[in-house]
Amino acid sequence: MSSHSAFAEAADALAGSVLGALSGTGGAVQPARFVDDAPDTLAALAAVRVLGADLFSPHLLTGQPFETQDAAVVAKAFDAFPASDTTEEPVVALRDNATAVLLARLSGDETLRAPAPEPQATAQLTSTGDWSTWSVRMSQLAPLATAGLDGPVHEAARRGALPLSRGVSRSILRRDFPTAVRLVRWLAWLRHEGVALPLDPDIAAEHVQLVGGPGPRAALDLAIARHFLESRPGTPPEAART
């Protein structure tokens with residue numbers, strides 16, 4: 001098996017495990033056990049890095065336990081695949097930073113926190129002037145649309161409900177369902193925050209579920225979106241208060 005196929009298989013398996021934990025069809029996510037049992041340890045650690053902040057979603061959204069050994073595995077994944085350069089890859093750096101911020105918070109070890117991207121890079125990503133380009137960037141930043149995170153990207157999302165809604169419509173018309181479901185996730189997060197929306201995220205979520213292509217990553221984005229849609233607006237999940 002090639003390294004690429006080993007990584008793809010590991011990433012799908014880990015995303016499926018998180019999805020099962022969120023939906024109640026599987027047990028708790030155990031990243032440490034996942035890596036220990038993997039036939040390719042490096043591919044499993046790469047999957048942990050790529051899944052990033054979404055790895056914490058069962059804890060943040062449903063209160064499932066996040067164990068010390070699991071925090072250690074996420075930290076080990078950062079050692080194997082260091083955080084991205086903040087000036088050359090601002091999107092990836094923001095995702096890395098979100099993962100590290102949550103890891104530091106949930107583990108109680110602030111030394112695990114990653115540096116924030118450079119301010120000028122963040123400014124480029126939070127400008128909503130070119131709505132089509134910005135909505136694509138926000139789709140890439142969908143893992144930030146979760147409980148317990150807030151910052152410049154989230155403030156931009158609050159200001160950008162209309163361009164995000166346009167991005168959902170454009171993606172659906174183009175049959176770009178992975179982008180559409182990631183943007184629906186942002187709309188679901190916004191409604192949970194109490195932001196008025198020009199597009200009904202329930203209808204959009206139902207549409208992309210019915211006609212979108214299969215895949216554990218898209219299914220996970222949709223499951224997180226539905227969690228926010230089914231929660232009482234303005235009330236953070238209990239686990240996010242820790």
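Is P119 buried or exposed? In this predicted model, P119 is exposed, with a relative accessible area of 58%. Because the relative accessible area of P119 is 58% and exposed means over 50%, the residue belongs in that class. P119 is found in helix α7, which covers residues 119–125.

**Salt bridges**

Side chains of opposite charge can pair when their charged atoms come close. The count for this structure comes to eight salt bridges. Three of them are described here, and the table gives the distance between nitrogen and oxygen for each.

| Salt bridge | N to O distance |
|---|---|
| D96 and R49 | 3.1 Å |
| E155 and R158 | 2.6 Å |
| E193 and R158 | 2.8 Å |

D96 forms a salt bridge with R49, with 3.1 Å between the closest N and O atoms. This pair links distant parts of the chain, since D96 is in helix α6 (residues 90–107) and R49 is in helix α3 (residues 41–51), 47 residues apart. Both D96 and R49 are buried. R49 also has an aromatic neighbour: it lies over the face of F78, at 4.1 Å from the ring centre.

R158 takes part in a salt bridge with E155, where the closest N and O atoms are 2.6 Å apart. What separates E155 and R158 along helix α9? The two residues are three residues apart in helix α9 (residues 152–159), and therefore about one helical turn separates them. E155 has a relative accessible area of 39%, so it is partly exposed. R158 likewise counts as partly exposed, at 22% relative accessibility.

The side chain of R158 also meets that of E193 in a salt bridge, at 2.8 Å from N to O. E193 lies in the loop between α11 (177–192) and α12 (201–211), while R158 is in helix α9, so this pair ties together parts that are 35 residues apart in sequence. At 37% relative accessibility, E193 is counted as partly exposed. These contacts belong to a network of salt bridges that links D150, E155, R158 and E193.

**Aromatic pairs**

How many aromatic pairs does a search of the whole structure find? The search finds two. One of them is formed by F56 and F66, which are edge-to-face, with 5.1 Å from centre to centre and 70 degrees between the planes. This pair links distant parts of the chain: F56 is in the loop between α3 and α4 (57–62), F66 is in the loop between α4 and α5 (68–80), and the two are 10 residues apart. F56 is buried, with a relative accessible area of 0%. F66 is buried as well, with a relative accessible area of 16%.

Why is the pair of W186 and W189 edge-to-face? The ring centres of W186 and W189 are 5.7 Å apart and their planes are at 85 degrees, so the pair is edge-to-face; planes over 60 degrees apart count as such. W186 and W189 are three residues apart in helix α11, and therefore about one helical turn separates them. Both W186 and W189 are buried.

Technical notes
Residues numbered from 1 in each chain as written. Predicted model: local features only at pLDDT ≥ 70, side-chain atom pairs only at ≥ 80, totals over all residues. Heavy atoms only, no water. Helix = DSSP H or I, 4+ residues; strand = E, 2+ residues; numbered from the N terminus. Buried < 20%, exposed > 50% of the residue type's maximum accessible area, 1.4 Å probe, protein only. Salt bridge = Lys/Arg side-chain N within 4 Å of Asp/Glu carboxyl O. Phe/Tyr/Trp six-rings, centres within 6.5 Å; stacked < 30°, edge-to-face > 60°. Lys NZ or Arg CZ within 6 Å of the ring centre and 35° of its normal.
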